[in-house]
Amino acid sequence: MPQTLRIATWNINSLRLRLPALPRLIEALRPDVICLQETKVPDLLFPAQAPAELGYPHAAWRGMKGYNGVAILSKIPFTANDIAPDWCGRGDCRHLSVLLDLPSGPLELHDFYVPAGGDVPDRVTNPKFAHKLDFVAEATGWFAARAGLRRTVLVGDLNIAPLEHDVWSHRQLLDVVSHTPVETEALTHWLNQGFHDALRHFVPEDRKLYTWWSYRNRDWRASDRGRRLDHVWVSRDLTKALRSYTILKDARDWPQASDHVPVCVELDA
DNA sequence: ATGGTTGAGCGTCAA
């Protein structure tokens with residue numbers, strides 16, 4: 001009887017503001033591990049007692065003032081896995097990795113928050129777009145150098161919707177940051193360094209699938225101009241262990257909702 | 001082409 005493991009990922013867009021929403025996520029998804037992005041809280045101001053109070057006694061965080069920030073909350077013990085570089089040398093708190101201490105052996109977990117990239121999809125005139133492409137290229141190279149990836153799960157807000165049906169209108173978004181060919185090709189190249197797209201494992205590529213809806217729509221559900229920016233990837237050896245997925249679309253209607261909704265994948269671990 | 005909204009934290013900047 002294999003033990004199942006549920007890993008959730010959510011761009012919480014301010015941990016302190018949306019801490020009251022975490023019990024709803026937990027009730028709905030019952031995750032063993034929660035990976036958060038855009039915590040927007042410096043490490044010294046992180047509510048250190050909150051994870052244990054929520055039933056997640058093992059926690060790690062990497063944050064800064066105002067922007068970015070990632071955190072991992074876990075029911076399962078883990079050890080820090082500080083093996084990655086300081087991406088693009090910026091110290092900007094976009095990645096955290098741990099080794100989950102499972103009965104079947106350690107499982108390597110990566111929580112990423114990829115730069116959004118600004119508004120103009122041009123690396124020459126827009127330094128934020130250059131940073132995004134450089135970040136993805138550096139991450140791709142780093143995983144490429146670790147050939148033979150196994151027992152590894154990568155989650156997070158990757159800020160790129162790679163497939164045609166990961167956006168509401170492929171044609172209208174080809175020039176919009178998050179869905180430009182240079183980004184979607186770069187993300188696919190990163191994925192191909194030993195990973196399998198766990199959400200598209202369950203949902204055929206010709207079906208629309210979103211995890212984010214802009215705040216800038218009066219009725220997000222009616223207009224449904226979504227994008228799939230949040231991802232769960234597993235190393236190829238874990239493909240056969242995938243059991244189910246949930247995109248918690250209802251969370252987009254929670255009070256003071258994040259513009260991203262939680263995503264959860266269950267696998268035999 | 002533009003604007004639309006939210007968060008951090010008090011200027012605008014980032015998304």
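## Threonine 4 and strand β1

Leaving aside its neighbours within four places in sequence, threonine 4 is in contact (heavy atoms within 4.5 Å) with Asp32, Glu266, Leu267 and Asp268. The residue belongs to strand β1; helices (H or I, at least four residues) and strands (E, at least two) are DSSP runs, numbered from the N terminus.

## Basis of the model

This is a predicted model, in which local features need pLDDT of at least 70 and side-chain atom pairs count only at pLDDT 80 or more, while totals for chains, interfaces and linings use all residues. Residues are numbered from 1 along each chain as its sequence is written, chains are lettered from A and ligands numbered from 1 in the order in which they are written, and side-chain values use heavy atoms, with hydrogens and water left out.

## Asparagine 11

Strand β1 (residues 4-11) also contains asparagine 11. Asparagine 11 counts as buried because its relative accessibility is 0%. Residues up to four places away in sequence not being counted, asparagine 11 touches Gln37, Glu38, Tyr113, Asp157, Asp230, Ser258 and His260.

## Helix α6

In helix α6 (residues 181-191), the buried residues are Glu183, Thr184, Leu187, Trp190 and Leu191. They lie on the same side of α6 because they cover an arc of only 120° around the axis, the arc being that of the directions from the helix axis to the C-beta atoms. Among the elements covering these buried residues are β7 (105-113), α4 (127-144), β8 (152-157), β9 (195-197) and β12 (230-235).

## Surface near DNA strand B

DNA strand B is surrounded by 16 residues, of which the closest are Ser14, Leu17, Tyr215, Arg216 and Arg218; a residue is near the strand if one of its heavy atoms lies within 4 Å of it. Of the atoms of DNA strand B that come within 4 Å of the protein, 66% belong to sugar and phosphate. Helix α1 (residues 15-18) contributes the largest share of this surface, three residues.

Polar contacts are pairs of N or O atoms within 3.5 Å. An N or O atom in the side chain of arginine 216 is 2.5 Å from a base nitrogen of DNA strand B. For arginine 218, a side-chain N or O atom is 2.7 Å from a phosphate oxygen of DNA strand B. Tyrosine 215 places a backbone N or O atom 3.1 Å from a sugar or linking oxygen of DNA strand B.

How values were computed: Polar contact = N/O pair within 3.5 Å; in protein donor to acceptor, adjacent residues only side chain to side chain. Buried < 20%, exposed > 50% of the residue type's maximum accessible area, 1.4 Å probe, protein only.
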